[in-house]
Amino acid sequence: MGRPPKYKTEDVPFTAHEPFFSSGLVRQGLFPCTPGVASVAITTRALEVFHRMQLRCQRLGIQAWVRGLCDIHGVPLWPYLGAQFSIAFDFYLAVLEDVEQQVQAALGRDTPNWRLRNACPCCMYKLEGEPELERPFLATMDGNNSLKRIQRRAAEGYDEEGNVTSWESRERIDRRVPAGDYYIPRAEVDSWAIGDGEEHAKAHTTGDEEVPGDGGKCAERWHNMNEAETSKAWGIYDETSIFVALCRHGFILKIVDMVKSGELMKYGYAVVADLVQVLEDIATTMGYDIGCEFDELVKKHPRLGPLAQKAKFRSTIGAFHGAGHNRRCQARNLPKYTPGVGLEGFELCETFFSKSNAVAGRTRYSSVFHRLQAITTFLRHSDRAETSYMLSQNIVTKYKRALEILDGEASLKESMRILGISDRSIFDRWLRAEREYLESLEKEPEEETLQMEYYQKLVNYYANEYAAELRRDAFVQVQPGDSITDAAKATRQQEARRCHAFELAEKSLEAVMYLESRMGIVTRWVPGDESWLWAQVLVSKRRYQRALDTLEKLVVSRLSELWKMNLSDTGAKHIAKALQAQSKAVRTALEAYNQAAGALDPPRPELSWEVVVEYAFLSEFDLLRFSRRDIHAEPWAMPAGRAVMDQHFTLDRAKEDIKRLDVEIPRLITKMRDKGAFIKHHEERLKKEGKPELAYQV
């Protein structure tokens, strides 16, 4: 910090380049803190150093920097110094943005959506004669709840009756707009909401709802905010989180503010709509943690559906989040089984959020503008100074990984020889067979459902009838010394119990007769009949499957908690111990499962903790379920067969990745060469036009 020299107004050296006092200070390397004649200014060097340091350490705030400057100069920290530095820093960033806009205009890059159309050279810089890719553009999107901002409101008030009145906003009016075109405006995002039916948060989806794609059982396992957290956030925050889309190399495509809500569908709709409209000539495959459900909802959206279909949009699930989806969903949507995506895991958002979370410390209590300024500055720096610099290394890493996987082709052939498999095309047939089997588990046949219901009603009827017969022959026991009043009271109570028993028997008989009429049964089943025994087996299987459902849900839920705590890398044995120590519910569910499994004929083997954890990792609970046919002898259901099948699909995806990288590498090299010649051309042009300052910036 420094104080500018004291000029009188008439002594200020006005020139053609410095018509104002502030511009004269800037030319001298000082940024004023107030318009007009400033008494305090910040040196350009201090602002530049702070700007660069903050870009590399997002947790560095203005207050900490000002305190450090005061310590250097040996002066006390006055409260107004932070505000003065903030004003000068805003002025400094505005100058940088003005220069940036002039440079982009000089290069012809100021057209709408230019940045998005050229966000990634490997994804979007197409070359003549290059081979066509089955899925040309791979991207991923997800929400994160770190970058919140507390809304400024007036103190809580009360009316005449003592009721709490609504809080009034105390947000400062600031019409400044942050740089760049990363953000999709709120109004545009809200325009994609289509009503309460589809405009639901992930936390609102339950396993009992009929949701397209996976029956709703996948969406409930992955959500950023549950109902309790969301309702509390509405009372404190305005912006509760962000929703971001990235290409497969990590370049930021679009970002959306989540406003007073959790992760609603409209945020995904808005991002997809922007991409398919701007990149209409590029077919997009988008990874999303509930991509199975989202893909169906996009197709049914009245406005977005036709746009997505025209752009050949496809949504799928990520490799990490896919662990929380049921096996039926995985067999259709997991990247491993999705042709054309290569080895892409669609989980790059998690890496991005690990970096963006550092910005949260500066945005929680900031103004609307300064929050957007901090986020967009971070996004631009992330694209230019990190993702771009690491792009070549990123591609080399992907190539090495694909080659390492392809080195395992010899071991695949050896495993196939041991299993007696001669043709790799059989694995595609195995996957189709598994999908068909899992589809058959989705709904019980109506005939079997009625048989089980009739059996259970018969069991209740026979039990109630037996109880009524016992009541019919029961006598009132009168004890010696009981009075006539006591004996009469006991008689009335006994008669009431007898009446209730006969009423229950009659109601049970009515339910049985209704099902007999519906099923066309002439002779009522009795214990020991063939039909009775068959229905008994079906009911025992249903109990077994319900116990399995409960166990699977609890284990996957606990595993997702352990993943969040970064404990999943400690190995299966350690996770088993953590599960066993953490959750009584899981232990109870495991005991219930083993009891139900033992009651079957023939009994199913019991499960141990280690086996349960392995099943959870592979998401193979569905293979324990019953079907109309026994699949345990099927090769695709055996551990060895599944391992070989997964290795086959991984090798196929590695070959696809090599093909994609062979397209992306020439794109990157050509882009770098063309960009160098392009920049040199415009630099020389601007010099000839008498614009050396702009040529220098170019």
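## Charges over rings

In this predicted model, the charged end of Arg115 sits over the ring of Tyr182, 4.1 Å from the ring centre. Arg303 lies over the face of Trp192, at 3.9 Å from the centre of that ring. A charge counts as over a ring if NZ of Lys or CZ of Arg is within 6 Å of the ring centre and within 35 degrees of the ring normal.

## Basis of the values

The model is predicted: local features need pLDDT of at least 70, side-chain atom pairs count only at pLDDT 80 or more, and totals for chains, interfaces and linings use all residues. Residues are numbered from 1 along each chain as its sequence is written, and side-chain values use heavy atoms, leaving out hydrogens and water.

## Aromatic pairs

The structure holds 18 aromatic pairs. Rings of Phe, Tyr and Trp (its six-membered ring) pair if their centres lie within 6.5 Å; planes under 30 degrees apart count as stacked, over 60 as edge-to-face and the rest as tilted.

Phe89 and Tyr92 are stacked, because their ring centres are 6.3 Å apart and their planes stand at 20 degrees. Both lie in helix α4 (residues 79-106), three residues apart, about one turn of the helix. Phe89 and Tyr92 are both buried (under 20% relative accessible area, 1.4 Å probe, protein chains only). One aromatic cluster takes in Phe31, Phe50, Trp65, Phe85, Phe89, Phe91 and Tyr92.

## A pair between two helices

Tyr455 and Trp532 pair edge-to-face, with 4.9 Å centre to centre and 70 degrees between the planes. Tyr455 belongs to helix α19 (residues 446-472) and Trp532 to helix α21 (residues 530-564), so the pair ties together parts 77 residues apart in sequence. Helices are DSSP runs (H or I, at least four residues), numbered from the N terminus. Tyr455 is buried at a relative accessible area of 9%, and Trp532 is buried at 7%.

Definitions and conventions. Buried means under 20% relative accessible area, exposed over 50%, partly exposed in between (1.4 Å probe, protein chains only).
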